[in-house]
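Colleague: I would like a close look at one part of this model. Please keep to what can be read from the coordinates.

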Amino acid sequence: MSGVKDKHSFKGKRNKKSNKKPSNEKSKYNLNEKSNYNSNEKSNETLNEKSNETLNETSNETLNEKSTRSNEKVIIVLENCCLETVKTKRGFELLNCDDHQKILKKSQKDMSQYRPDIVHQCLLTLLDSPLNKAGRLKVYIHTAKNVLIEIDSRTRIPRTFKRFAGLMVQLLHELKIQSVQKEGSKALLKVIKNPITNHLPPGCLKIGTSSHVPTPVSLIDFVSMLPSDKPVVWAVGGFAKGKINVDWVEKEISFSHYPLSASVACGKICNTFEQVWDIL
């Protein structure tokens, strides 16, 4: 009996020993799992660091692009505009083909050229544009009588032509129109010295618009190909018919198969730059 008990006890001891082996194997597996988990954490950390670096680089690039874009500006010069005063029984008035037909006939002048309402339409289009409200537009007027006018971007042009005509008569006689504010009043409209090239930034691109160019181009493709580090100056004719004859334009383009009014041309230029520069 004692021998049998010894055998059973021996078997039990062997079973206890055999039960201890898998516990060691589990601990080995646990160690391997922990090491794999740590390595995965490290790899994830390195990946996160790399992704953060790339994100920072891209954000810095976008910020740099935005900062360079914020320095860009569009300059539009309305050329050969008819802004001329005439003395009548009612006083000085802005000469136009509607109110002064007899005066124009006596002086044998072409009535179709005396259209100051074209300048009025262009200024409403330009100064009301989001491009101007974002501070990215500068407007000059060069008249047929060789008078150069600088317009501040904060100027609010009168909505009716009658009030606009009175404002232009005052400007041509007094040479400047100041803001109503008593403190810090600035000249919103002023007559400046010729030539226009003295007031343009150095190294700017000077582009003229004309419907006489045989092959029109896509305006948005043309603007997107322009260098971003140079301001662009556009010459737009502020008259009813004819061609711009200025010596400072470097290149002439046409961006429509059809002849456009000056106001529509100004609106297309502003809309194109608003799309390219993400101005809403």
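Is N146 buried, partly exposed or exposed, and what is its relative accessible area? Please take in the sheet and the loops around it as well.

Modeller: Bear in mind that this is a predicted model. N146 has a relative accessible area of 46%, so it counts as partly exposed, a class that lies between the 20% and 50% limits. This residue sits in the loop between β4 and β5 (148-151). Its phi is positive, about 65°, although N146 is not a glycine. Most residues other than glycine have a negative phi, and most peptide bonds are trans. Q108 also has a positive phi, near 55°, without being a glycine. Q108 belongs to the loop between α2 (101-106) and α3 (116-127), and with 73% relative accessibility it is classed as exposed. As for peptide bonds, the one from N194 to P195 is cis, with omega near 0°; P195 is in the loop between β7 (187-192) and β8.

Now the sheet. It is open, has 8 strands in the order β6-β7-β5-β4-β1-β9-β8-β10, and its pairing is mixed. From one strand to the next, the twist averages 20°.

Helix α7 lies across β1 (74-81), β4 (137-143), β8 and β9 (232-237), at about 160° to β9. V264 is in α7 (residues 262-276) and is partly exposed at 40%. Together with Y258 and L260, V264 makes a nonpolar surface patch of about 310 Å².

Key
Residues are numbered from 1 along each chain as its sequence is written. This is a predicted model: local features need pLDDT of at least 70, side-chain atom pairs count only at pLDDT 80 or more; totals for chains, interfaces and linings use all residues. Side-chain values use heavy atoms; hydrogens and water are left out. Patches are made of residues with over 30% relative accessible area and no salt bridge: like charges are joined within 9 Å, nonpolar side chains (Val, Leu, Ile, Met, Phe, Trp, Tyr) within 5 Å. Accessible areas come from the Shrake-Rupley method with a 1.4 Å probe; for residues, only the protein chains shown count as cover. A salt bridge is a side-chain nitrogen of Lys or Arg within 4 Å of a carboxyl oxygen of Asp or Glu. Helices (H or I, at least four residues) and strands (E, at least two) are DSSP runs, numbered from the N terminus. Buried means under 20% relative accessible area, exposed over 50%, partly exposed in between (1.4 Å probe, protein chains only). Two strands pair if DSSP finds at least two bridges between them. Axes are lines fitted to C-alpha atoms, for helices over the stretch in contact, and angles run from 0 to 180 degrees between N-to-C directions. Contact means heavy atoms within 4.5 Å.
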